[in-house]
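Please have a look at the structure first.

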Amino acid sequence: MDFAEILFALFIVVVAVVSLLSNLSVLLCFVHSAEIRRQVPGVFTMNLSFCNILLTVLNMPTTVVGIVQNRQPFGDRACHTVSFLDTFLTANSMLSMAALSVDRWVAVVFPLSYATKMRYKDAVFMVCYSWAHSLTFSLVALLFSWVDYSHVYASCTLQLREGERDRAGFAVFTVAFHATSFALSLLTLCVAYLKVLKVARFHCKRIDVITMQTLFLLVDIHPSVKQRCLAEQKRRKQRATKKISIFIGSFVICFAPYVTTRLAELLPFVGVNRHWGIVSKCLTYSKAASDPFAYSLLRQQYRKVLMGVLNRLLRRDLYPSSGHSSSMDTENDYCLQRIT
């Protein structure tokens, strides 16, 4: 194991720790907040976090051991199980992100009819389709024995075993899998979020017109106030573009190198460098660590729930035997209930 592979292993360990803590925090918010559980996006977020946790606990350690030992880390059965989960969890995560983009598109473009167009049972149906879609491809790969340890990616993943002659069938399966998971999800993200951005810019223009008319009428307003209003206009325009760029950009940066590499290696004259294969795999793992922040934890609703849970835990640690009989404790309990 050279120095680069040591860095790869350390990177995956850091990503695994961040991913596990952040995704568990999302599930903690889902459990402790009835409001989040009632919302349709909460269903997609919970499914995404669940897949990320399984990927973190089962697949990332396997890759670390494969990098350190430079060989298959476990027996064939365990490796086939991990390969099955790698295919299933990756596709499920991609489709969950696509479902979240569709939900945002309906919420922004059709705000008045959102409750009827995106119902809770519709979200459950979309999650069930995501599971069925991912499970189908995973089972097909397992039945045809297209799951094995890959030295290039130091992982148990989709891999044609040595001596297998059905290269054409494996190539067709690989192309179909990435087309219906990565390409379909990316297309959905682009279409949905670009429509969201179009509506957001339209509303920003309306607000800018009203703001400029107000500033024109208020002739005695201080120049610094006008400057702050104009600066806020600029920030408002950039905010929506920045968020959508993060959603689409992170998806492309994390998944596109790995998918492109898997498709390129189907050509008989293309060889993939081991270091590049591990880097592309590390990028896919990093998406599991960034998803909770992009979709959940940076939102005020989730931060409020987490603060309430932390305050509750800290009070239990600080006052384990207190009867909360004083007036100050009673007032603190009331404030805590208001927060949660």
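A cavity here is a set of points, on a 1 Å grid over the protein atoms alone, where a 1.4 Å probe fits but cannot get out. A pocket is an open set of such points with protein on both sides within 12 Å along at least five of seven lines, and lining residues have an atom within 4 Å of a point. Grid points are joined across faces, edges and corners, and a volume is the space filled by probe spheres set on the points.

This is a predicted model, so local features need pLDDT of at least 70 and side-chain atom pairs count only at pLDDT 80 or more, while totals for chains, interfaces and linings use all residues. Residues are numbered from 1 along each chain as its sequence is written, and side-chain values use heavy atoms, with hydrogens and water left out.

**Cavities**

- Two cavities of 30 Å³ or more turn up in a search of the whole structure.
- The largest cavity holds about 210 Å³ of space.
- It is lined by 25 residues, and Asp 86, Thr 90, Phe 255, Tyr 258 and Lys 281 are the closest to its centre.
- At least two lining residues come from each of α3, α4, β2 (155-158), α7, α8 and α9; helices (H or I, at least four residues) and strands (E, at least two) are DSSP runs, numbered from the N terminus.
- Helix α4 supplies the largest share of this lining, seven residues.
- By type, the lining of the largest cavity has 11 nonpolar, nine polar and five charged residues. In this scheme Ala, Val, Leu, Ile, Met, Phe, Trp, Tyr, Cys and Pro count as nonpolar, Asp, Glu, Lys and Arg as charged, and the others, Gly among them, as polar.

**Pockets**

- The largest pocket contains about 800 Å³ of space.
- Its lining has 22 residues, and Arg 104, Lys 243, Phe 247, Ala 294 and Arg 299 lie nearest its centre.
- Two or more of these lining residues come from each of α3 (40-69), α4 (76-109), α7 (167-217), α8 (223-264) and α9 (274-297).
- Helix α8 gives the most to the lining of the largest pocket, with seven residues.
- That lining divides into 14 nonpolar, three polar and five charged residues.
- The second largest pocket contains about 320 Å³ of space.
- Of its 15 lining residues, Gln 159, Leu 160, Arg 167, Phe 170 and Glu 265 lie nearest the centre.
- Helix α7 gives the most to this second lining, with three residues.
- The second largest pocket is lined by eight nonpolar, three polar and four charged residues.

**Nonpolar cores**

- A nonpolar core is a set of buried Ala, Val, Leu, Ile, Met, Phe, Trp, Tyr and Cys residues joined through side-chain atoms within 4.5 Å. Buried means under 20% relative accessible area, exposed over 50%, and partly exposed in between (1.4 Å probe, protein chains only).
- The largest core has 29 residues, and those with the most contacts inside it are Phe 44, Met 97, Phe 182, Tyr 193, Phe 251 and Tyr 295.
- Helices α3, α4, α6 (120-143), α7 and α8 each supply at least two residues of this core.
- Apart from it lies another core of 24 residues, including Val 15, Cys 51, Ile 67 and Ala 289.
- Beyond its neighbours within four places in sequence, Phe 251 is in contact with residues including Met 94, Met 97, Phe 182 and Lys 287; contact means heavy atoms within 4.5 Å.

**Salt bridges**

- A search of the whole structure finds six salt bridges, each a side-chain nitrogen of Lys or Arg within 4 Å of a carboxyl oxygen of Asp or Glu.
- Which residue pairs with Asp 291 in a salt bridge? The partner is Lys 287, with the closest N and O atoms 2.4 Å apart.
- Asp 291 and Lys 287 both lie in helix α9, four residues apart, about one turn of the helix.
- Asp 291 is buried at 2% relative accessible area, and Lys 287 is buried with a value of 2%.
- Leaving aside neighbours within four places in sequence, Asp 291 is in contact with Leu 48, Asn 52, Met 97 and Ser 296.
- Asp 103 and Arg 104 meet in a salt bridge at 2.9 Å, N to O. Asp 103 is buried at 0%, whereas Arg 104 is partly exposed at 36%.
- Glu 265 and Arg 262 form a salt bridge at 2.6 Å, N to O, and Arg 262 is buried at 3% relative accessibility.
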